[in-house]
Amino acid sequence: MKTVTSEQMAILDMNASWLGVSRLQLMENAGRAVAEKTVEEADGVEGKKVLVLCGPGNNGGDGMVAARHLAAEGANVTVMLLASPDSLRTPEARANYASVRNMPFSIRLIVADTFEELARRAQLVGEADIIVDAILGTGVRGRLSELFASAIEMANTSQALKVAVDIPSGLDPDTGYGELFFQPDVVVTFHRPKPALLNRGWRVYTAPIGIPEEAGFLAGPGQFNQFLRKYADGLKTVRLAYIYGDGGPDQDIQKFLAEIPISSISCHYDSLVTSPQNRQFISSSHSILLSPDVNPQYIRPFTPRGQPMIIPSTTTLVPDSIYVMLSTVRHGRPTRETLAKMLDDVRSLSLKLRSPIYVVGEVDAMSDGEEQYLNWVEMWAGPTYFKYIPAILAWFTGTGCKPLTAMASTSYISRAVKVDAYFSPASLATQVKALIGF
């Protein structure tokens, strides 16, 4: 059974939003799916007491959506928010809290943001026919707070039908570890099962919530956000070597590298023989950017094993390289057939080269031989400014992230900047830094 990790789910969620399927819409679909399955499992909910335990994140927002739909089915619904309303983390959760707060006739809303307030409301757990766990979602790690742990312990003692939203609270969605977690009868998970739900005794239902298939192979903000979360600090400490051939350095590339917060050197490949200082910098650099006229075989003897080399050509194959190619093919409006063929083609090319490959064009295509991404969203700057793409990729790769993540992030950011920024290396660097948050 194909599963999805919490990190992959976060990427899908963000990419879906970029494609035009809002997070608010996904939350609505998720909450409705929980309500529908709860009605089915309970053989109807009319007149039954339903307690929905909500946390401050999107999982809590899903629960509040479910509460609205269960109330519409005739249930006697109580939403217990285990957090201050001011601490709700996302606009989507806040929007659904506002809806629930404005529905006093059909939903009873209780804020139990302290252990004392939770204890005072303990009888609600005992009275419930159904308890919906929407406390924590897939992105939560670490030890439970006293408040959440107490709520889960109380819920676990109940004889009510217990329904978990996406993943039982307190359970690591990827590893399945949890010292204390909600013990469900039913789990309604979204899009695909989470690894922790396999081989459990619970009834697990996987609900489609409208995440488009394209979100799974789009090089978009999801990968870029993942990259920033893990490697943003490392962007300022990258040591990058730009090595050019007899045609001389590209002045625009040199100016761009001078405008970003890295340590860099530019040199002719012959200087690696004559200059100990250049050899020392090259050997300790985090990534190497080659000009198209430099044979990478000339450079490899001076570089440590595993050091990534960004090569804007495929004339010579060397290990530990990432090949960046320009495609001038005009695809027109992408179709299912053209995108499927591009995914197959870029994977085959990566396997043939035995290296990650990044084809830049009207539709960007990239692969590491195992996974592949495309990017057809937003306008690309055009062939004239292709030269900047390997430079940005070399910077990102220098942080130590996976080549595919670096390629996807480069594709996203290179299309997110305004096209006129490419007219000036300084302007391009300014916009790229702004998108990163520098």
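1. Burial is used here as follows: a residue is buried under 20% relative accessible area, exposed over 50%, and partly exposed in between, with a 1.4 Å probe and protein chains only. At 14% relative accessibility, Y412 therefore counts as buried. The model is predicted: local features need pLDDT of at least 70, side-chain atom pairs count only at pLDDT 80 or more, and totals for chains, interfaces and linings use all residues. Residues are numbered from 1 along each chain as its sequence is written, and side-chain values use heavy atoms, without hydrogens and water.

2. The structure holds 13 aromatic pairs. Rings of Phe, Tyr and Trp (its six-membered ring) pair if their centres lie within 6.5 Å; planes under 30 degrees apart are stacked, over 60 edge-to-face, and the rest tilted. W18 and Y412 have ring centres 5.1 Å apart and planes at 75 degrees, so this pair is edge-to-face. W18 belongs to helix α1 (residues 6–18) and Y412 to helix α15 (residues 403–416), so the contact ties together parts that are 394 residues apart in sequence. Helices (H or I, at least four residues) and strands (E, at least two) are DSSP runs, numbered from the N terminus. W18 is partly exposed, at a relative accessible area of 21%.

3. Y412 also forms an aromatic pair with F224, which is tilted: 5.3 Å centre to centre, with 40 degrees between the planes. This pair too links distant parts of the chain, as F224 is in helix α8 (residues 221–231) and Y412 in helix α15, 188 residues apart. F224 is buried, with a relative accessible area of 6%.

4. Ring pairs also link F256, Y385, Y388, Y422 and F423 into a cluster.

5. What lines the largest cavity? The lining residues include Y358, W380, Y385, R415 and Y422. Strand β13 (357–360) and helix α15 are the elements that give two or more residues to this lining. By class, the lining has eight nonpolar residues (Ala, Val, Leu, Ile, Met, Phe, Trp, Tyr, Cys and Pro), two charged (Asp, Glu, Lys and Arg) and two polar (the others, Gly among them).

Conventions. 1 Å grid on protein atoms, 1.4 Å probe; cavity = no way out; pocket = protein on both sides within 12 Å on 5 of 7 lines; lining within 4 Å.
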